[in-house]
Structures are given as structure tokens and as C-alpha cells.
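Hi there,

Here is the structure I promised to pass on. Have a look at it first, and then read my notes below.

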Amino acid sequence: MSQASTSAFNTQRNRYYNPVSRIQSLIQNLDAELITLCKQCSLPKNISNSNNHYDNIISHQTGSQLKHASLNNILAQARSAQLSNSTGGLAPDAHKRQLRNTYRTRVIDAYRNRRIFTVYGNYHTVRRALVRRGWLEKLPAGRHAKLQNMSEDSLLEHARRGNDYEAVVISKMINNFPSFFIWQSKAQRDLFPEVKPFRNRVRRSQFLDFSTKVGLVGCAEQERWFREDGVCGMSYPRFYRLGANSMEERAAFIEDYHQTQARCLLRFIKEHRPAELIDLENGVVMSITIDFALNKVKAMIRQKEHYSLDDARIKLPTPTEMIENQSFMVQSSKVLHSGAKFKINEKVMAEYARLAGQYLEQIESLRNDYRWDGCRNLWILKPGYQSRGIGIVIRSSLDDILQWTSNNQNRKYIVQKYIERPYLIYRTKFDIRQYMLLTISDTQVTIWTYRDCYLRFSSQEFTMDDLRESIHLTNNSVQKRYKNKVNRDARLPKNNMWSLDQFKCHLRHVGAPDGTWQKIYNGFKQNLVAVVLASLDETELVPNAFELYGCDFMIDEHFNPILIEINSTPDLSASTEVTARICPLVLKDCIRVVLDVPRNSLAATGLFERAFQVNYNVNKEVDGTRPLELNGTQMKLLDTMPKIRNSPRTRLLRKILNNVRATTSNKFGRDKNKTATQTPAKVIVGKVGTKKLSQAGSKMMNTSAKVALNSKARENLALQYTAPK
């Protein structure tokens, strides 16, 4: 035997421990703990009996059965022997009183330190993280329901350290105390608002609740006011709400559909050779169809460049325009969907292809989201308040889209432009699940993004010829119902999920530029910051509120992230090996940010990164009796008269001022039928002093002097001579 193998053998030999000696050392430790417990509780120290009992156990196991018994069985018997000896010196009633006093002490201490929590659902990672921090759980009604129906005495009989009976007893004792940490569902009523617990729900108005499709559309409309390069900005597909009460938005969608059809035709011409598109003898589509598309895109470019403000307004088409649009839709559909040919010579078609490329380049430089469109004019319809892919359909016909939304008014459908040119991995569509945490303190709203994520693949290869959900919807709740395609690329995962490290490896393998992932991650942060800022105006800023979101992104062909949707109750179950690793880590790091950072600003936050912070002020007056205060400076309409020039306009103004009587205020602010003996209005003349003009006095004002009217007279004059005739 060599020297190296001999040393390795000696090392392994030194690491071996005799089970019997190991058990004896454990028993000695248990005896020491038992002696300490007896001293604290003033119990008789029957240690000799326990030692004899342990010796009997050891001698019994060191025989022929030791070969088959495990160390865990021996330790379990030793613990049961210690427990029987520790309680043997107490009467059952005395033992219950001791446990009850111990638990009550823990409950009072937890209440004083605000460490009582309630968790609804199977979020065991959250429970364990709180218990490790010394929190006590106030059980919801559905958890351990049978045990909660038992009496306290019955529970105390079976209560042991860490078992369910102990948890139920403690929960019963803290039943009348509020919870200071609540993990609940979105639809559940908020409990104990007076103590401001740590609650995993941030409430906002329905219009700006970005965790719904309808609210995300509202935030997309508002985010332009917060857009800042490198900080925040949304990149999202075009949305439209096609409800019964949104006729204007319905008209805007129809116009967008026609414009998209024009770009689709030009892209189709650009991506094909002229010889493939023409047939002088059997062609059925005339050049006027291409001219219509070019003029449509040219008008879009003019509108985006703001050559005319009139172009920005949505106008209802005239009957002639409606006929032209309908004719164009029919002819272009023949080319795009049926493969019809143009009746044009090759030279003219080459010129059309050049113009098509030029116009597309101009419009796509003004609108980046137009780069995601293909040649099919596909739109995806989503119910406004559903998740997990429920009720989602993909349509290309305008009539089908309008008919579908009209027949499903109760589901408030959102129509969204389908991304026809996504970035694919081995010819398969995917999306990225990114996590965001939102926390609210007394003065700040903080946005946290997670530095880890995972990819979700479709079970089928991507194609635009088949619109089934198994190809186009990458939600795990959808894909788990389908089997992977047999001839799919073997490099794709069988469970249809990749970790972030696997995705980074793929980017290096395909030769993506350096810093590609950092570019994608920064895009995630900018999108999420923009969404949150757009929703703050209608967000309830309750201190200690927080919420964990699952955000779904796609990637375009240039590695730019596209925000698809945000879920307020993301799936955190261990559905695959990837989620079994990342989901518990997300929950643990979430508890670190929510509980540890407020106590210590330097506390570890795991993989959560502070992306943005907003300072705000909260009115801390509870009674709300403080009146509204407005601070400002009064604006003067007319301080001094300008110099009067000889022009028809100034002569008219001089005539108006000369005819101002002392009863001007009576004319506008009082009843015309009142007598002339009432107090006349005050007119301030000159800069030095004021003079009251009575009705019997001078009826005309001296126009050569500088005149200033009081506020009421100025207001009445402005109303009289600026109102439309």
C-alpha cells in the first residue's frame, strides 16, 4: 500500500466514531440539560433512575439488534425516556399550569415586541423565517382546524416543544391580540389597520392597478410623464380597452389595425424579392394597393413628427375613406394570407421595395415597438382581470376581434399587439419571470428588484401558422397540460425552465455582445420603476405595507426587454427543480428586506437590490380636523393702464372705460331692480389716495389719470367683454 493510500486510510479511520460511545455522550448532554431544567423548576432530580434507564437501552441495543437499529431510533427512545422522567415528578395539573405560565410569558413578550404573525396559505418558508426570528403564529381558522376545536387543557396534555399542539395552544392564547405581520390573499379584507402591521398588500385604484391588464394599460398611459432616459421608461406592446363604454378607444384600435396592415404589406414586400411578388399575366392585385400603404405610412411619419396638431386627433373616417380602407384590407389580405401576386413589372416592384424599406426605417425609428410587428397583423385578447392564461385567444381578423369583445363584455377584454418577432432560443418561444418587491415606510416608497430570475419555455416550436396556446403561451399553468414536441431541440430543458446561469451560458454560446445580460436587467428595472411611479398618484401609502410581484418579460431580436404583465400573487410553488431553488430564496430575502432593513439599514437583503426610492409626506393627523390651507400671492389683473394709442381698438377700449359708472358692481353682482339710493361701488383713482364717487358726483372718469379698479369691478369687466357674443 502506498504512502498516500495509507494516509487516506488513517484519515478515514480517525473519522469513524463508535455508535455506543456517541450515544453515551448524547445521553450525558441530555442529563446535564435535565439537571438544569430541574433546578429551574425545583423538581426532584431523579437522575440515577434516568441513567439506569439509558444504560438498559444501550445494553439492549448493543446486542444483536444494534446491527439493524439506527441511531435515530436510539435517540428517539432516549428523548422519550428523558421526557417521562422530567414530567414524572409533577402532577398532571401542575404540569399544565407550568406549561400555561410558560406559554403566557412567551405570548406577552411577543405582544410587547410586536412579534405576532398570521400567514394564510401554504407559505411555509415565510412561517419558518418568522419563527427563527422569535415570532409567534396566530393561526388562521383553516389551519389545524381539528386541533383548534379542542380545549386548552386537552392541548396542553399533548403539547411538546415544536409540535402542532403547542402551536395551537399559543394561537389560542394570542387570539385576542392583533397580528403585526400578515401574509394574505389579494381579495381578503385587511385586518388590524390600527396597528399598521407588515402586510403583503399594497392597495391602489382599479384604473392604475398594474397587477391587472386594465390597470397596466392605465399605467402605460401615465408613464410618459415620468419617463427619463436611463432611469425609468416602459417598453410594452400596444394596448386597447374594447369595452362597451370606450367607443373612442375602439375607434383608435381600428385605425391602428389599418395602419398595422399597411406596415405589414410593406414589410412583406421588403422581405421578398420582386420576382417572387409579381405576375404580369395572372396577377390580381394592382399597384394602387401599394400606393395606399405607402401613403398610410407616410401620414403616420408626418403625425409622429408633429407637423400638424390636427393629425394627432382621432377623426372618424368619411364614407369615401371607409370604402378605400375596406378595399385595401381585402386586397392586402390576399397578398399576405393567400399568396396573391401583383400585376406589376419587376422594375416598378423593385422601386416599391426600396420605398417600403425607407418608410419602414423612418417610422420604426420613431416608434420602437413597430419593430416587433411581422407580416400577420396578429393581436392577442386577454380578459382584463384574469391570470394564468385563462380566456386568452389570438386573432388576426378585425371582424373576429370586434365580435369576440362584443360577445364577452363582462370579461372586459384587453386587445394587445402580439409580438410576432420575439427572440427565440432554438426556434422556441420563452419569457422571463422577474421578481419585484415594493415596500412602504413612513416617508419612503422603495422599489426592489431581484438579481435572479428564470426562463419559461413553450413545449412546441414557434410558428405563425398555428395559433394554439401550446405554442404561443409560455405560462407554466398552460404548458404543464401539454407534452413536449418529439422532434424539439434536445438542448431545451425537459421541464421547460432554465435558470439564469443557463441563460447566461446560452448568451455566451450564441456570441451575444458583452454586457447583454446587464442591458436586459437594467431594462427590467427601468420598466418596473416607470410602472410604479405611474401608479403612485392612486396608491394607498400605508406604512409597513409591502407586496411581492412576479413580472413577465419577453426579449426582442435586439435583446431589449418587453413588459408583458405583472402578477400580484405569483406562483411560488416548487413546480420544477428551478423554481424549487429560487422561490424559497425569494421569500427568505423578502422577509429580510421587510423585517430586518427597518431595524438595521445595513442588514443583508439577499439578492434584492434597491432600484429606486421615492420620498413622500404622510399627514399624521388622525382626526382630520385641520382645514385645507392654500398659500399663494394674489394675482393682479390690471395694475396700471397701458398707454393709449390712436387705433380703432384703443378707441373702443377708451370708450368702454369712459362709460364705467360707479354702479358697475351693482350692474353685475346685485339685482337690477334695486333703487339708486344704495351704496355705490368703490373706484380707486390714482396711486396716492382713494376717493369715493357718489351717484350725484362725477359720472365720467378722467382717462388722463392712471386708473385701477377694485377686484370685483375688474372681474365683472373681464366677464363682460371677454365672453363670447
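**A buried asparagine, and what else turned up**

Asparagine 377 is buried, with a relative accessible area of 0% (buried means under 20% relative accessible area, exposed over 50% and partly exposed in between, using a 1.4 Å probe and protein chains only). This asparagine sits in the loop between helix H15 (346-366) and strand E6 (379-383). Helices (H or I, at least four residues) and strands (E, at least two) are DSSP runs, numbered from the N terminus. The phi of asparagine 377 is near 55°, a positive value in a residue other than glycine. Most residues other than glycine have a negative phi.

Before you go further, please keep in mind that this is a predicted model, in which local features need pLDDT of at least 70 and side-chain atom pairs count only at pLDDT 80 or more, while totals for chains, interfaces and linings use all residues. Residues are numbered from 1 along each chain as its sequence is written, and side-chain values use heavy atoms, with hydrogens and water left out.

**The chain as a whole**

The secondary structure of the chain comes to 24 helices and 16 strands. Of its 725 residues, 43% are buried. Among contacts (heavy atoms within 4.5 Å) with a separation of 6 or more, 70% are between residues 24 or more positions apart.

How many disulfides does a search of the whole structure find? The search finds zero, a disulfide being a pair of cysteine sulfur atoms within 2.5 Å.

Asparagine 496 has a positive phi of about 60° although it is not a glycine. You will find asparagine 496 in the loop between helix H18 (476-479) and strand E11 (497-499), and at 8% relative accessibility it counts as buried.

Serine 459 lies in the loop between strand E10 (444-457) and helix H17 (469-472). Is serine 459 buried or exposed? It is buried, with a relative accessible area of 0%. Leaving aside neighbours within four places in sequence, serine 459 is in contact with Asn496, and also with Ser470, Gln479, Tyr482, Lys483, Asn484, Lys485 and Arg488. The side chains of serine 459 and glutamine 479 are joined by a polar contact of 2.7 Å. A polar contact is a pair of N or O atoms within 3.5 Å; within protein, one must be able to donate a hydrogen and the other to accept it, and residues adjacent in sequence count only if both atoms are side-chain atoms.

**Two partly exposed loop residues**

Arginine 491 is placed in the loop between H18 and E11 and counts as partly exposed at 48% relative accessibility. Not counting residues up to four places away in sequence, arginine 491 touches Tyr426, Trp498 and His509.

Glutamate 557 is in the loop between strand E12 (546-555) and E13, and is partly exposed with a relative accessible area of 39%. Which residues does glutamate 557 touch, not counting those up to four places away in sequence? They are Arg421, Pro422 and Tyr423, and a polar contact of 3.4 Å joins the side chains of glutamate 557 and arginine 421.

**Helices to look at**

Eight of the 10 residues of helix H10 (residues 213-222) are buried, so H10 is largely enclosed by the rest of the structure. The buried residues of H10 pack against strand E5 (239-241), helix H11 (247-271), E6, strand E8 (413-417), H20 and strand E13 (561-567).

Helix H19 (residues 500-509) and helix H20 (residues 516-535) have axes that come within 10 Å and cross at roughly 130°. H19 and H20 are therefore oblique to each other. The contact is made by Leu500, Phe503, Lys504 and Leu507 of H19, together with Thr516, Trp517 and Ile520 of H20.

Happy to go through any of this with you.

Best wishes

Conventions. Axes are lines fitted to C-alpha atoms, for helices over the stretch in contact, and angles run from 0 to 180 degrees between N-to-C directions. Angles under 35 degrees count as roughly parallel, over 145 as roughly antiparallel, 65 to 115 as roughly perpendicular and the rest as oblique.
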